[in-house]
Amino acid sequence: MIQFENLVKRFRRNQVLRGVDLTIERGDRVALVGSNGAGKTTLIRCLLGEYTCEGRVSVDGMDPRQQRRAVLAKVGFVPQLPPPLKMPVRQLVRFAASLCAADPLRMEAVAKRLGLDVERFRSQPFVKLSGGQKQKLLIAIALGRDSELLVLDEPAANLDPEARHIFFQLLAEKRETAAMLISSHRLDEVAALVNRVVEMDQGSVVLDDRVADLVDLSSRLRCRIRLNQREGAFANAIGDWSFRGSEDGLLWEGEVAGPDRLRFLGLLTRYAALLAAIELHEAEKPNRSGSPADG
Amino acid sequence: MQLWQENRNMKHLWLNAYADIVESLRARWFIIYTAIFGGLVVLLFAYGLAESRIMGFTGLSRLLLTYIQLTMAILPIFVLITTVRSVAGDREAGVFEYLLALPTTLSAWYWGKMLGRFLMVFMPVFLAMVGAIIWGVIKGAEMPWRMMVYYTGLLMVLAWCFLGIGMLISTLARSSDVAQGAAFVVWLTLLLFLDLILLGIMIQEQLPAGSAVAIALANPMQVFRTASMMLFDPQLVLLGPSAYVILDNFGQAGYILYALLYPLLLGTLCAFGGYQVFRRTDLP
């Protein structure tokens, strides 16, 4: 579906992409990882036809620069930093929907699923929303239409745990029909979402690997944690994951989205000395029979 | 098929123009800009300008005359700075990155932005003028139709001209600081080549009259100044000897036509140049 052939991008004397060759097929969910300055954002901008470059980029055989409307009609894009648009929320949705020939109500419905009521914020300028709300709206605009390629730059960074879970569900709904390119500078943030990892370093692809596709994007894990002593910093950190604590602050219970398990375990490692016991169980799905399995 | 695509392109152009209008309405520059021109008219009335007389002009004509002279001083620099600040600023802030990832053509986006921005810079100036006229008519002053139509045309082309220059600068400069600096230099250069400043010195230093007039005719600020002067000083006595060259070569009607067409053409050429740069270079 996407083909980068010997892609080179220079900013004056600085060569940011050094002959990137990469092919991405439908059904591929690619984590594009690498440190700052590795060339991830530049690669994405070349894919979106925003940068001129040497070499060749094609999406279904089309050049994103020459046939930008046809290419971009297939693409749902969520940027890393929300643009400081002063446009009211509802107008932004209508504007994007009109350009994409999509139904704004569908975008609003996706926003609602993520926990953002567009109707409530309809007159509020987009720039005045909180970081998480902006992210939800941009995701709703990208996913609330028939996109065949999702380009997501650190998409879930500002989302609360519940919104992350819904976001993973939304991605799961698109997994058969769309290719996904998810950029992040941390693999643990996106590892469970993808079936392929592409790592970039100094403008080149240094790793291109398939990964086991075992995690159900829409799954949830029930979690119970026992501490050997009460700790305020832990309470704050786990509170961000919407966990409920016992009165003595030693027992914590909550749910974690399946694809978030690595990120969650990463959090727990910071408090390893406090942990007396951890239980993780895959929560039973309402529409599926069978007993919960140990995580 | 082609007609359908053209219709869609046109729809996208208007959508982009509308988006720019919505963005501008909430921008600080627009509030200040509107307040300046609205405040100007209020001040002119408050100081009783409509009742005073100068060179035979009284009432609304006198007020319009002063308004247009003040506008000529303020509008170019205001349009230039706000255009380059917001366009280059939007690029730096990531607005281009997001909006240009939506499926619209670059032409619909660029010209839509230009159209939306034109309405936003022209309307406050125009509405302030219309407001002054309505107020004057209510107060019983005579309606100067000819002057009103002519000045509306001049304001339109002046706004378009400097907007086009602003768009060109915005596409050439990669940062808002550079864009603002360049806009200021352009404005200062045009200002210095008004007949009262550098041009006057150059004539004193024996610059051939033809060259001086050519410079004056190429400077949109001078063209606008002379054209606005022409209504109350048809023989351009205030301009001195260069008036002969203008009147001999153009005639009054010819010069008025030139004053309307030249800035329009210059603005369009600059905007088109900006578009060519925009579509060939990195967008965000």
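In the predicted model, the axes of helix H5 (residues 131–143) and helix H6 (residues 161–174) of chain A approach within 12 Å and cross at roughly 10 degrees. Since angles under 35 degrees count as roughly parallel, H5(A) is therefore classed as roughly parallel to H6(A). On the H5(A) side, the contact is made by Gly132(A), Lys136(A), Ile139(A) and Leu143(A). These residues meet Ala163(A), Phe167(A), Leu170(A) and Lys174(A) in H6(A). By residue class, the contact of H5(A) with H6(A) comprises 5 nonpolar, 1 polar and 2 charged residues.

Chain A also contains an open sheet of 4 strands, arranged in the order E11-E12-E10-E13 with antiparallel pairing. The pairing of E11(A) with strand E12 (residues 251–257) of chain A is antiparallel and runs over 2 bridges. Within this part of the sheet, Arg244(A) lies opposite Glu253(A), a residue of E12(A).

Chain B comprises 11 helices and 2 strands. The C-alpha trace of chain B extends about 60 × 50 × 40 Å along its principal axes. Of the 284 residues in chain B, 42% are buried. When contacts in chain B between residues at least 6 apart in sequence are considered, 80% join residues at least 24 apart.

The two chains are in contact through 22 residues of chain B and 25 residues of chain A. On the side of chain B that touches chain A, helix H1 (2–25) and helix H4 (95–99) of chain B each supply at least two residues. H1(B) gives the most to this side, contributing 5 residues. The residues of chain B that touch chain A divide into 13 nonpolar, 5 polar and 4 charged.

Definitions and conventions: Residues numbered from 1 in each chain as written. Chains lettered and ligands numbered in written order. Predicted model: local features only at pLDDT ≥ 70, side-chain atom pairs only at ≥ 80, totals over all residues. Contact = placed C-beta atoms within 7 Å. Nonpolar A, V, L, I, M, F, W, Y, C, P; charged D, E, K, R; others polar. Pairing = 2+ DSSP bridges. Axes fitted to C-alpha atoms, helices over the stretch in contact; angles between N-to-C directions. Parallel < 35°, antiparallel > 145°, perpendicular 65-115°, else oblique. Buried ≥ 20, exposed ≤ 12 C-beta atoms within 10 Å, placed from the backbone.
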